[in-house]
There are 2 protein chains.
Amino acid sequence: MKGSIHTIKPLVPHGNETALTFARHAGKVVRIQGAIHRTRALGGVTFVIVRDREDLIQAVLNRADTKVNEGDLNEGNQVIIEGTVHEDKRAPNGAEVRIKTLTVVGRVKEEAPVVLSHPTLDVHLETNLSYRPVTLRHPTERAIFRLQAAIAQHFRVFLGSQGFTEIFTPKIVAAGAEGGANIFSLPYFKQKAYLTQSPQLYKQMMVGVFERVFEVGHVYRAEQHNTSRHLNEYISLDFEMGFIDSMEDMMGVEVAYLKSLMEVLKKEHSRELELLSAKLPVVSEIPAVKLHEGIALIREHFSYKSPSEHDLDQKGEQFLCEYAQREYGSEFIFVTHYPRPKRPFYAMDDPENPALTLSFDLLLRGLEVTTGGQRIHDYAAQVKKMKEWKLNPKNFEHYLMAHRNGLPPHGGLAIGLERLVTRLLGLPNVRQGTLFPRDIDRLTP
Amino acid sequence: MKGSIHTIKPLVPHGNETALTFARHAGKVVRIQGAIHRTRALGGVTFVIVRDREDLIQAVLNRADTKVNEGDLNEGNQVIIEGTVHEDKRAPNGAEVRIKTLTVVGRVKEEAPVVLSHPTLDVHLETNLSYRPVTLRHPTERAIFRLQAAIAQHFRVFLGSQGFTEIFTPKIVAAGAEGGANIFSLPYFKQKAYLTQSPQLYKQMMVGVFERVFEVGHVYRAEQHNTSRHLNEYISLDFEMGFIDSMEDMMGVEVAYLKSLMEVLKKEHSRELELLSAKLPVVSEIPAVKLHEGIALIREHFSYKSPSEHDLDQKGEQFLCEYAQREYGSEFIFVTHYPRPKRPFYAMDDPENPALTLSFDLLLRGLEVTTGGQRIHDYAAQVKKMKEWKLNPKNFEHYLMAHRNGLPPHGGLAIGLERLVTRLLGLPNVRQGTLFPRDIDRLTP
């Protein structure tokens, strides 16, 4: 007995002709699929603008030839159209489809809560986020997240080409990497567990395994306040590398990634950048300034006195970026050598000034988008610093196992994906770079 | 004042000569970096086998020429070696390095808890997992996770080439996608939140945005039992696609991915496959059988009576795979049309038999590695099924917003990355495919 058993062949799904490719097939019949973006009747003809997964397509319905039913052309309906391609320079993407058949395969049941067919989605952030399943359908919103996907994937591809291995580390952990109060906890069977603030300790253990590792994953911060710069759940682009000469190795790899990223985005995503009127920063070399010198600089050049001698506030970060732009033509600037109390227990102290650490931030257009540094690789030195920090080395048994069994000099960094995306695109709020953001009030959608 | 400001250039880090490439430089001086894997003294010469990030390198130390200190050659020390490359067919990777200088940059502080220099890591799973920061350094363990990284990355690259967009959706959610008791909960400020069991509801919302989406991310199941097949935190390879003709579209895309994956692994990772003595399955077409016919088949061919007429147990899955291998030469088999109560509220019922759903599992070598199916895309139909399932549509406001605003016919699937890895490599326990597994007892390392 074989009943209805049959075999499944490898499939290339329908829809290989999209807005970006169908114009190549002038004179031929194509199938296009997408949502009705808007319609306009003109005499006996109706222009049906279809939003497919790539872009907009102009389809033309001659009501004398093709019959449609009441409601078939409602905006938002999901349709499959078969028709002939005609070149037309005035149409989006240089061609239009003269409709032979139009089939509605998904029907709209309400008027959309926002207007998707205007060139910009002109709503408040609050509305945008509350109606995410609809607002994300707007072409400019889609462009943000196409770019986000490209940025994350280029991080993987670029680091892969430099000998880094991708890792997946646990997000449910027994202790936080950063410490402090901003950590989510949860019951884990008979134990208490936490949501990881960073893959830091695991990345370092993995330097002993693969020398160079990266991870693209969720991290969690139980921030008690709502700001335009913070999320409670975000995507961290992390890497860690061994056999470094100094922390400038990590900074150099980041410059190389960013330079290569800008080239890829310009080459492969000019359409999205144009839709968003985004102007990417120029990356060739990136200036680096020591924190205390940066603070002195902005006092000298902008008469701005930093509220702390040991940290930059938002205004300070903005002035420093302004300075980098003016003096070095760079919208990025590294700030280095943060004081010891500002950096975690695994940060390596500066041998030239033990009050400081071998650490850096990268600022872009007034916002910190990266934190990194060199880590302690020697077992005894790490245990000593833990004790100075009143931490019990017994609670870091597995972490220290890596040190005891030999770790090379190493360091790494973490880029906040949503911060990088929104800064690159000139969007003011980090939530705009998050499909479904989590903040102190927002657990849905 | 410019102080010590300087600019950071794009950097290609040290270590471009690895075990896989240094042999090309016969006669030249190279720098290699890695851990001392083992040493063997022979007359005035010591063979120092270095484990770099790729593989093993034979380095030769002539004690008359190069001085080393007591302890420098301890196994596990992290070293930088400069020396001249000499071809030698007997050495791993066809060449050896005659050492000019050897610098220890990271020192071992204890005897390793396991022996890394034997060809296999011959320890119990419990030991392997408890000493993960060390055991993962063994070449065969590294091979598993190189392959894991390749499988995940090829999922992204393959789907990207088919018009899918990568998405990042929240893991802290207001309600579970699968329902049931096996869900972790946590306090989220003034609300109660959960860790997602699946990106299902978000994937479906995103079909309305990008038509084809995928996500590689962590998911959580509060399984109360320890088995060789379950993890409490795992990586799910998810995709979802619109404008399908039937659920066989998703099955066809999965066959195409797997076929292409086997080619990539054979071509780019033969070294790792050899180290693990792994024999990959052959994928051309994959047979599909309806569940109730599968149950009848194994009764007929293996005299095995399934304990349930509505599901396969582990033994049933093994027999069915045996049958597929024998009759179709396939180690994979799809099982389709699971009964309604076995599938979640969003599963589309089979119009030919409403007691069944348009759903499938994919089995490989006796284990389910994928679950998928067609989903309900019509708003009224989804609300109706929710009510039949005693679910309150009000609790799915945003999810149903996507349906009300038009969704095309769609479906998707989820592959358990650790299950796929361990089955492909013939490893008996899913924990072996996890860097740092989480189970009911295991929250560290």
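B:S228 is partly exposed, because 14 other C-beta atoms lie within 10 Å, a count between the 12 or fewer of an exposed residue and the 20 or more of a buried one. The model is a predicted one. B:S228 sits in the loop between strand 11 (212-220) and strand 12 (233-242) of chain B. Once neighbours within four places in sequence are set aside, the contacts of B:S228 are B:P428, B:N429 and B:V430. The next residue in that stretch, B:R431, is 203 residues away from B:S228 in sequence, while the C-alpha atoms of the two are 7.3 Å apart in space.

B:I57 is buried, because 30 other C-beta atoms lie within 10 Å and the threshold for burial is 20 or more. B:I57 belongs to strand 4 of chain B. Outside the four places on either side in sequence, B:I57 is in contact with B:A19, B:F22, B:I32, B:V50, B:D52, B:P92, B:N93 and B:V97. B:H377 is 320 residues from B:I57 in sequence, and here the C-alpha separation in space is 57 Å.

Strand 4 of chain B covers residues 56-62 and is joined by seven bridges to strand 3 (residues 45-51) of chain B, the two running antiparallel. Within this pairing, B:V48 faces B:A59 of strand 4.

Now turn to chain A as a whole. Chain A contains 11 helices and 19 strands. Along the principal axes, the C-alpha atoms of chain A occupy a box of roughly 85 × 75 × 40 Å. Of the 445 residues in chain A, 52% are buried. Among the contacts in chain A that link residues at least 6 apart in sequence, 62% are between residues at least 24 apart. Chain A splits into domain 1 (22-106) and domain 2 (139-433), and the C-alpha centres of these two domains of chain A are 46 Å apart.

Helix 3 (residues 139-161) of chain A spans 32 Å from its first C-alpha to its last over 23 residues, close to the 33 Å expected at 1.5 Å a residue. How much of helix 3 of chain A is covered? Helix 3 of chain A is mostly covered, with 17 of its 23 residues buried. After helix 3 of chain A comes A:G163, which has a positive phi near 85°.

Chain A also has an open sheet of three strands in the order 8-10-9, with antiparallel pairing. Strand 8 (172-173) and strand 9 (185-188) of chain A are at the edges with a single partner strand each, so one side of each has no neighbour in the sheet. Strand 9 of chain A is linked by four bridges to strand 10 (residues 191-195) of chain A, and the two run antiparallel. In strand 10 of chain A, A:Y194 is the residue opposite A:S185.

The remaining topic is how the chains are arranged. In general, two copies of a chain are related by a rotation about an axis and a shift along it. Here chain A can be superposed on chain B with an RMSD of 0.0 Å, using a turn of 180° and a shift of 0.0 Å along the axis. That is the relation of a two-fold axis. The same surface serves both copies, as 99% of the contact residues of chain A recur in chain B. Among the residues of chain A, A:L186 comes closest to the rotation axis, with its C-alpha at 2.4 Å.

The contact between the chains involves 108 residues from chain A and 108 residues from chain B. On the side of chain A that touches chain B, helix 5 (residues 248-268) of chain A gives the most, with eight residues. The residues on this side of chain A comprise 57 nonpolar, 27 polar and 24 charged. Strand pairing also crosses between the chains: strand 1 (residues 6-8) of chain A and strand 13 (residues 286-290) of chain B run antiparallel and are joined by three bridges.

Terms used
Residues are numbered from 1 along each chain as its sequence is written. Chains are lettered from A and ligands numbered from 1 in the order in which they are written. This is a predicted model: local features need pLDDT of at least 70, side-chain atom pairs count only at pLDDT 80 or more; totals for chains, interfaces and linings use all residues. Two strands pair if DSSP finds at least two bridges between them. Copies are superposed by least squares on the C-alpha atoms of residues with pLDDT of at least 70 in both. Two residues are in contact if their C-beta atoms, placed from the backbone, lie within 7 Å. Domain bounds come from an automatic or database domain assignment. Ala, Val, Leu, Ile, Met, Phe, Trp, Tyr, Cys and Pro count as nonpolar, Asp, Glu, Lys and Arg as charged, and the others, Gly among them, as polar. The expected span of a helix is 1.5 Å times one less than its number of residues.
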